[in-house]
Amino acid sequence: MATAVLPTAALPASAVPTHNTPLRAALRDVPQLHAALLKSGALTTSPESFHSFLEATALPSPVTSPAHLSYAVRLFRLGPRTPLSARSYNILIRAFFRAGHPEDAVNLFVEMLDASAVWPDQHTIANTIKSCARMYALSTGRDVQAYAVKRGFMVDQFVLNSLIHMYASCGDVVAAQVLFDTVEEKGVVTWNAMITGYFKNRDWKEVVELFKGMLEFQVPFDEVTLVSVATACGRIGDAKLGGWIASYAEERGMVRNRNLATALVDMFAKCGELDKARKLFDRMRSRDVVAWSAMISGYTQADRCQEALTIFSEMQDTDVNPNDVTLVSVLSACAVLGALETGKWVHSYIRRKGLPLTVILGTALVDFYAKCGCIEDAVKAFESMPVRNSWTWTALIKGMASNGRGREALEVFSSMREADIEPTDVTFIGVLLACSHSCLVEDGRRYFDSMTQDYGIPPRIEHYGCMVDLLGRAGLIDEAYQFIRNMPIEPNAVVWRALLSACTVHKNVEIGEEALKQIIPLDPCHSGERG
């Protein structure tokens with residue numbers, strides 16, 4: 001257990017130990033209250049007094065500190081006290097769970113079974129299952145369920161809700177759904193348990209479908225429900241349902257709930273409704289890092305990068321510190337705008353605060369420096385990362401290719417393969433760009449074939465465009481034209497424009513006119529271009 005003492009609620013100095021022991025006790029008052037209960041004899045003769053004191057010690061508001069928990073455990077173990085009961089165990093199991101020690105809660109349940117002197121009740125089962133969910137201990141949770149079946153507790157609503165939550169939290173949404181379907185009268189807690197399960201498994205469509213089921217059966221819902229559903233709407237781009245939730249929340253004054261307001265801001269931003277997101281954001285009396293990050297990310301994804309940096313500047317005037325999600329969006333905006341100084345400030349902030357260079361944050365840093373033309377800094381950022389994935393390698397490869405360092409990009413690709421990192425289709429776009437910008441025709445042909453033969457990656461229109469650009473830059477106009485004619489997918493205007501550009505450079509009027517003829521119906525705004 002941790003040793004730090006957390007804040008506790010104070011007990012009025014006038015509190016007198018009676019059978020109605022206070023439900024909250026500041027640590028400094030606990031020994032005095034304990035002594036008074038011992039002197040009166042209530043602690044050993046009145047189960048109600050003992051349980052009230054144990055609860056006041058183990059479950060003070062708002063948190064259970066290590067010192068409170070330690071005192072409660074000594075009282076439970078050593079006494080003096082009345083004989084232990086299911087309520088005694090339940091109080092301590094809840095305290096372990098609340099203090100962040102679910103494994104101790106489960107161990108106490110097992111100890112209770114081994115002692116055989118006290119039988120668990122439905123509250124014991126429900127709280128133990130919650131601890132299993134917190135630990136992601138699916139196997140142990142199943143064992144507790146088997147015991148619940150044996151004891152006939154499967155009809156209890158608290159037990160069923162806890163089991164649904166446990167299975168969903170552990171990723172077994174099928175088992176959670178089976179249990180959910182067996183519940184005849186489902187209240188909001190049951191529905192929320194199932195919705196939360198799909199939410200944790202990032203099955204956004206199921207979250208939305210469940211909510212539609214709630215509406216169909218006219219089941220009441222609360223802010224907890226709406227936070228999950230609004231977030232899911234943002235992930236799948238369901239602006240219609242998201243807008244309905246926002247209107248519903250506005251009418252009932254629920255947007256005062258910061259978590260719900262933040263979820264709605266995030267939903268509007270992800271659905272591209274940035275003006276609505278900003279309007280709600282500006283009305284929020286208290287904004288956490290999630291709300292700020294949602295707005296910054298929304299502006300960045302909508303290619304309104306200057307506004308993203310403006311709101312980031314506003315954030316710096318508050319006492320809210322950016323997290324890695326915030327910084328990734330800021331770096332992306334800096335990369336688009338070429339805002340080198342702001343991006344460097346972000347890098348300095350990461351180092352100054354000792355933030356871990358996660359894969360996502362590190363990759364954003366590499367991409368930022370590469371897009372700003374600072375390849376050496378991109379390489380340094382890349383090398384400083386403790387863990388890299390295919391996107392990290394790809395960012396460096398594409399950055400080198402775009403900055404005219406094609407051969408170095410191919411060397412990085414070779415190192416990537418030696419590191420047993422599987423390339424993606426985007427990686428091969430970078431590789432083919434490297435070949436194109438360095439006029440490495442044979443390498444380009446080999447990598448284009450390798451993409452399908454060695455990695456099973458079917459070429460996309462972007463890969464075909466890179467090959468046409470490669471052949472065109474090398475002056476192989478006829479081969480580029482035949483390559484387009486043999487494509488298994490319909491070439492788009494970008495592919496034909498790559499050929500037209502090559503024809504312009506190499507003065508091939510005949511094929512240039514053919515390319516222009518193909519571009520006109522695909523992209524009329526380029527109909528005036530001539531080869």
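**Entry 1. Core**

I take a nonpolar core to be a set of buried Ala, Val, Leu, Ile, Met, Phe, Trp, Tyr and Cys residues joined through side-chain atoms within 4.5 Å. Buried means under 20% relative accessible area, exposed means over 50%, and partly exposed lies in between, with a 1.4 Å probe and protein chains only. The model is predicted, so I note that local features need pLDDT of at least 70 and side-chain atom pairs count only at pLDDT 80 or more, while totals for chains, interfaces and linings use all residues. Residues are numbered from 1 along each chain as its sequence is written, and side-chain values use heavy atoms, with hydrogens and water left out.

I looked up the largest nonpolar core and found 174 residues in it. Those with the most contacts inside this core are I125, L264 and L499. Helix α15 supplies the largest share, eight residues; helices (H or I, at least four residues) and strands (E, at least two) are DSSP runs numbered from the N terminus. In soluble globular proteins, nonpolar side chains tend to be buried together.

I then listed the contacts of I125 (heavy atoms within 4.5 Å). Residues up to four places away in sequence aside, I125 touches F109, P120, V144, Y147, A148, F153 and V159.

**Entry 2. Largest pocket**

I next examined the largest pocket, which holds about 520 Å³ of space. The search runs on a 1 Å grid over the protein atoms alone: a cavity is a set of points where a 1.4 Å probe fits but cannot get out, a pocket is an open set with protein on both sides within 12 Å along at least five of seven lines, and lining residues have an atom within 4 Å of a point. Grid points are joined across faces, edges and corners, and the volume is the space filled by probe spheres set on the points.

Which of the 23 lining residues are the closest to the centre of the pocket? I recorded T231, R235, T262, D266 and V290. The elements that give two or more residues to the lining are α13 (223-236), α15 (258-270), α17 (289-301) and α19 (324-337). By class, I noted eight nonpolar, nine polar and six charged residues in the lining. Here Ala, Val, Leu, Ile, Met, Phe, Trp, Tyr, Cys and Pro count as nonpolar, Asp, Glu, Lys and Arg as charged, and the others, Gly among them, as polar.

**Entry 3. Cysteines**

I searched for disulfides (pairs of cysteine sulfur atoms within 2.5 Å) and found zero. C305 is buried, with a relative accessible area of 3%. C372 is likewise in no disulfide, and the nearest cysteine sulfur, that of C374, is 5.9 Å away. C372 counts as partly exposed because its relative accessibility is 21%.

In helix α10 (residues 173-182), I listed V173, A175, A176, Q177, L179 and F180 as the buried residues. Their cover includes α8 (138-151), α9 (157-169), α11 (188-200) and α12 (204-216).

I195 lies in helix α11 and counts as buried, at 1% relative accessibility. Leaving aside neighbours within four places in sequence, I found I195 in contact with V207, L210, F211, M214, T225 and S228.

A364 belongs to helix α21 (residues 359-371). Is A364 buried or exposed? A364 counts as buried, at 9% relative accessibility. With residues up to four places away in sequence not counted, A364 touches V328 and L331. I also noted that the C-alpha atoms of A364 and A378, 14 residues apart along the chain, are separated by 9.9 Å.

**Entry 4. Positive phi**

Most residues other than glycine have a negative phi, and most peptide bonds are trans. I noted R202, not a glycine, with a positive phi of about 60°. R202 sits in the loop between α11 and α12 and is exposed, with a relative accessible area of 55%. D303 also has a positive phi, near 65°. I located D303 in the loop between α17 and α18 (305-315), and D303 counts as exposed at 57% relative accessibility.
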